Amino acid sequence: MRAPIPEQVGLLYDKLTDAEVLHFGYWPDPADDTPVEIAATRLTDLVAEKLAVTAGQSVLDVGCGIGTPAVRVAQTTGTRVTGITISQEQVKRATEHAAANNVSNRVAFRHADAMAMPFEPASFDAAFALESIIHMDRAKALASIREVLKPGGHLVLTDMFQRNPAPEGSPSLMAQMVDIWMMSDPVQLDDYPALLADAGLELVELTDVTETVLRKTLRLVADKLREDDRGLVPDEIIARLPEEEQARLMAFPDELAASEELGCLLLVARRPEA
Ligand SMILES: C[S@@+](CC[C@H](N)C(=O)[O-])C[C@H]1O[C@@H](n2cnc3c(N)ncnc32)[C@H](O)[C@@H]1O
């Protein structure tokens, strides 16, 4: 499987530190039009609940972005959270974010590759990864996360997957996403049980959350693009597309939102006891 070079992913995210929302939202009710910023916190809260942790325990945030989810998880669960990211700039922004929220005593960030983690085995009670494994060799990342989890510890993650093949005669939206967002080769939902078994993790829950998570996020991106607002699609990302593809993205935003090709999954796994 092809996966991007971590350092290059880091350089991409170094340029994206102004983007406040780096992951999808969660809208359990299709009629709900909560803005993405609030719905993104709601997704973080859902993930926090599934970590099954108690106050004082330690949590790892794999691919922590600018620290928003890590700070939220620390606040809502009373845990200590360590976030790692491959972007040096994100470490700075995330550290500032923790300080601004008065949780620097419980939330820390460091620059590290999730596929070669600088932690002792069994260091964490739980781990989560919000839309970060999309950039990694999943087998290596899962094995590396398992190693640092304590026996019985939960891993909760979201990932994108190929839900359907691209329609006949149309360019693949997934292939385009892989290119511009420096993602690794896409997986299918059904690949996960074997990926987990190979990494020595037990499957607890695997849910297709395309409709409650991805669809509305893409719809909001489409609305913003129609209003010529690039807030949710940074210029650095648009610039990575060939010119004709840039025009296509701007001209047909609804194609993106209506796509049956892209899927989003929520996974809960566990390191087996002993
Ligand atoms: C889409 S962002 C999600 C950020 C954050 N999880 C959130 O939800 O706000 C992807 C994150 O994965 C991180 N990442 C990508 N590859 C990584 C790697 N090999 N090791 C550690 N972090 C990585 C990026 O630096 C970035 O922080």
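Let me start with the ligand: in the shell around it, helix H1 (6-14), helix H3 (68-77) and strand E2 (80-85) each supply at least two residues, and the largest share, 4 residues, comes from H1. Please keep in mind throughout that this is a predicted model. By class, the residues of that shell divide into 12 nonpolar, 10 polar and 2 charged, and of the 24 residues around the ligand, those that come nearest are His 23, Gly 63, Gly 65, Leu 130 and Ser 132.

I would like to stay with one of these, Leu 130, which is found in strand E4, residues 124-130. Is Leu 130 buried or exposed? It counts as buried, because it has 24 C-beta neighbours inside 10 Å, and the cut-off for calling a residue buried is 20 or more. Leaving aside residues up to four places away in sequence, Leu 130 touches His 23, Val 47, Pro 69 and Thr 158. The C-alpha atoms of Leu 130 and Asp 61 are separated by 8.2 Å, although these two residues are 69 apart along the chain.

Now to the helices. H3 packs with helix H2, residues 36-51, at an angle of about 55°, and their axes are 10 Å apart; the two helices are therefore oblique to each other, and H2 passes H3 in a right-handed crossing. On the H2 side we have Thr 41, Thr 44, Asp 45 and Ala 48, which meet Pro 69, Arg 72, Val 73, Thr 76 and Thr 77 in H3. Sorted by class, this contact of H2 with H3 has 3 nonpolar, 4 polar and 2 charged residues.

Note on methods:
Residues numbered from 1 in each chain as written. Predicted model: local features only at pLDDT ≥ 70, side-chain atom pairs only at ≥ 80, totals over all residues. Buried ≥ 20, exposed ≤ 12 C-beta atoms within 10 Å, placed from the backbone. Contact = placed C-beta atoms within 7 Å. Near = placed C-beta within 6 Å. Nonpolar A, V, L, I, M, F, W, Y, C, P; charged D, E, K, R; others polar. Axes fitted to C-alpha atoms, helices over the stretch in contact; angles between N-to-C directions. Parallel < 35°, antiparallel > 145°, perpendicular 65-115°, else oblique. Left-handed = near helix turned anticlockwise from the far one by under 90°.
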